[in-house]
Amino acid sequence: VAALLRAAADAARQGRVVATPGGFTLSSLGSLGIDQFDPILYAPQIATLGLGRLRRTLELTDSGIQAREVMTATLVIDHRALDGADGARFLADLQASLVAAP
């Protein structure tokens, strides 16, 4: 995600990107040490994903205490364009992809 975000930011700085209505915004404050925040949805965007910082935490499992890396993701959607269930499925797919990543 970070590499794609950098490439998109570079393209925007070079004037190679034209904003189109109905887009998706990614807002990450994790690099600033923010754990969680509520991103703002600006028209004409239909969704904004806010990512907090990656942090280590301890979790109690059936087999004992386990160290895990966690990150909070907050999705804000325009319900006139997307159903909330679609947003929930997107977050579930994002979580599954991140857990499965090497």
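A salt bridge here is a side-chain nitrogen of Lys or Arg within 4 Å of a carboxyl oxygen of Asp or Glu.

A word on the model. It is predicted, so local features need pLDDT of at least 70 and side-chain atom pairs count only at pLDDT 80 or more, while totals for chains, interfaces and linings use all residues. Residues are numbered from 1 along each chain as its sequence is written, and side-chain values use heavy atoms, with hydrogens and water left out.

Salt bridges, then. By this rule there are five. I will show three of them, starting with R89 and D86. Their side chains meet at 2.6 Å, N to O. Both sit in helix α2, three residues apart, so about one helical turn separates them. Helices and strands, by the way, are DSSP runs numbered from the N terminus: H or I of at least four residues for helices, E of at least two for strands. R89 has a relative accessible area of 48%, so it is partly exposed. D86, at 37%, is partly exposed too. The scale is this: buried is under 20% relative accessible area, exposed is over 50%, and partly exposed lies in between, with a 1.4 Å probe and protein chains only.

Next, R53 and D35. Their closest N and O atoms are 2.5 Å apart. R53 is in the loop between β2 and β3, and D35 is in the loop between β1 and β2, so the pair ties together parts 18 residues apart in sequence. R53 is partly exposed at 31%, and D35 is partly exposed at 32%.

Then R68 and E59, with a salt bridge of 2.8 Å, N to O. R68 is partly exposed at 32%. E59 is partly exposed at 31%.

On to the strands. β3, residues 55–61, runs antiparallel to β4, and seven bridges join them. Strands pair if DSSP finds at least two bridges between them. A two-residue hairpin links β3 to β4.

Now the inside. Which residues make up the largest nonpolar core? Six of them: A47, L49, L51, L75, I77 and L94. Such a core is a set of buried Ala, Val, Leu, Ile, Met, Phe, Trp, Tyr and Cys residues joined through side-chain atoms within 4.5 Å. Two elements give two or more residues to it, β2 (47–51) and β5 (73–77). β2 gives the most, three residues. Take L75. Beyond four places in sequence, its contacts are F24, A47, T48, L49, G87, F90 and L91. Contact means heavy atoms within 4.5 Å.

Two loop residues next. D78 lies in the loop between β5 and α2 (84–100). Is D78 buried or exposed? At 14% relative accessibility, D78 counts as buried. Leaving aside neighbours within four places, D78 touches L41 and I46. G22 is in the loop between α1 (2–13) and β1 (24–28). G22 is partly exposed at 37%. With the neighbours within four places again set aside, G22 is in contact with P44 and I46.

Last, the surface. L54, M71 and L98 make a nonpolar patch of about 270 Å². Patch residues have over 30% relative accessible area and no salt bridge; nonpolar side chains (Val, Leu, Ile, Met, Phe, Trp, Tyr) are joined within 5 Å, like charges within 9 Å. The areas come from the Shrake-Rupley method with a 1.4 Å probe, and for residues only the protein chains shown count as cover. M71 sits in the loop between β4 (64–70) and β5.
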